[in-house]
Amino acid sequence: MKTKLYHGSLEIVDSPQILEPNRTLDYGKGFYTTTSFDQAKDWVFRHKRDKEKPSYGYVNVYEIDINDVRNANTLWFDEPTEEWVDFVNNNRSNRSFSHNYDFVYGPVANDKVYAAFALYENGLLNKTELIRELKTYTLVDQLLLHTPEALSNLKFVESVKIAIQ
């Protein structure tokens, strides 16, 4: 089943690559996508904060067969769970943490989620309380393509230009 994925960037990304990040990320290094156009648009605006000049960015649109993703070496989280908390926490707090999944799918740990994570990290919430809190949020998804093999499943469709104020 073909699924549309989106990636927000300051550039057209018709040939995605796995680049070494300059910070720790939810699911480790790789190429991040989402099924939400609006989330990808938010990523464009987030990139803008890092740059002075751009007045526009792009939501890059791709297709992938989601059944191929599910049948591959994939770590899949439908919602926040203890395993998801541990996985995100390991990726965010330990730069040397790595995994061997081709794909990782699950909720985006956005700014609101990280406020709750901070409470957990400081011992003000336990893991069960954190998960209960996170389940009250409307969470957007993300799909990480972690390996060249994963990227080979992605088909570029188009780029949509987004004005940045």
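A: Four strands make up an open sheet, in which the order is β2-β6-β5-β4 and the pairing is mixed. At the edges stand β2 (31–33) and β4 (74–76), each with a single partner strand, so one side of each has no neighbour in the sheet. From one strand to the next, the twist averages 15°. Strands here are DSSP runs of E with at least two residues, helices are runs of H or I with at least four residues, and both are numbered from the N terminus; two strands pair if DSSP finds at least two bridges between them. This is a predicted model, in which local features need pLDDT of at least 70 and side-chain atom pairs count only at pLDDT 80 or more, while totals for chains, interfaces and linings use all residues. Residues are numbered from 1 along each chain as its sequence is written, and side-chain values use heavy atoms, with hydrogens and water left out.

Within this sheet, strand β5 (residues 103–107) and strand β6 (residues 141–145) run antiparallel and are joined by five bridges.

Another open sheet has three strands in the order β1-β3-β7, with antiparallel pairing. Its edge strands, β1 (2–9) and β7 (155–163), each pair on one side only, and the twist averages 25° from one strand to the next. Strand β3 (residues 56–65) is joined to β7 by eight bridges, and the two run antiparallel; in β7, Ala 163 is the bridge partner of Tyr 56.

A nonpolar core is a set of buried Ala, Val, Leu, Ile, Met, Phe, Trp, Tyr and Cys residues joined through side-chain atoms within 4.5 Å, where buried means under 20% relative accessible area, exposed over 50%, and partly exposed in between (1.4 Å probe, protein chains only).

Two of these helices, α3 and α5, pack at an angle of about 100° with their axes 10 Å apart, which means that α3 is roughly perpendicular to α5 (a word that covers angles of 65 to 115 degrees). Axes are lines fitted to C-alpha atoms, for helices over the stretch in contact, and angles run from 0 to 180 degrees between N-to-C directions. From α3, the contact (heavy atoms within 4.5 Å) is made by Glu 82, Trp 84, Val 85 and Asp 86, and from α5 by Lys 127, Thr 128, Leu 130, Ile 131 and Leu 134.

Two single residues complete the picture. Gln 39, in helix α1 (residues 37–50), counts as buried at 10% relative accessibility and, not counting residues up to four places away in sequence, touches Thr 34, Val 108 and Val 140. Thr 24, found in the loop between β1 and β2, is buried with a relative accessible area of 18%, and with the same exclusion of residues up to four places away in sequence it touches Asn 91, Arg 92 and Arg 95.

Notes: Parallel < 35°, antiparallel > 145°, perpendicular 65-115°, else oblique.
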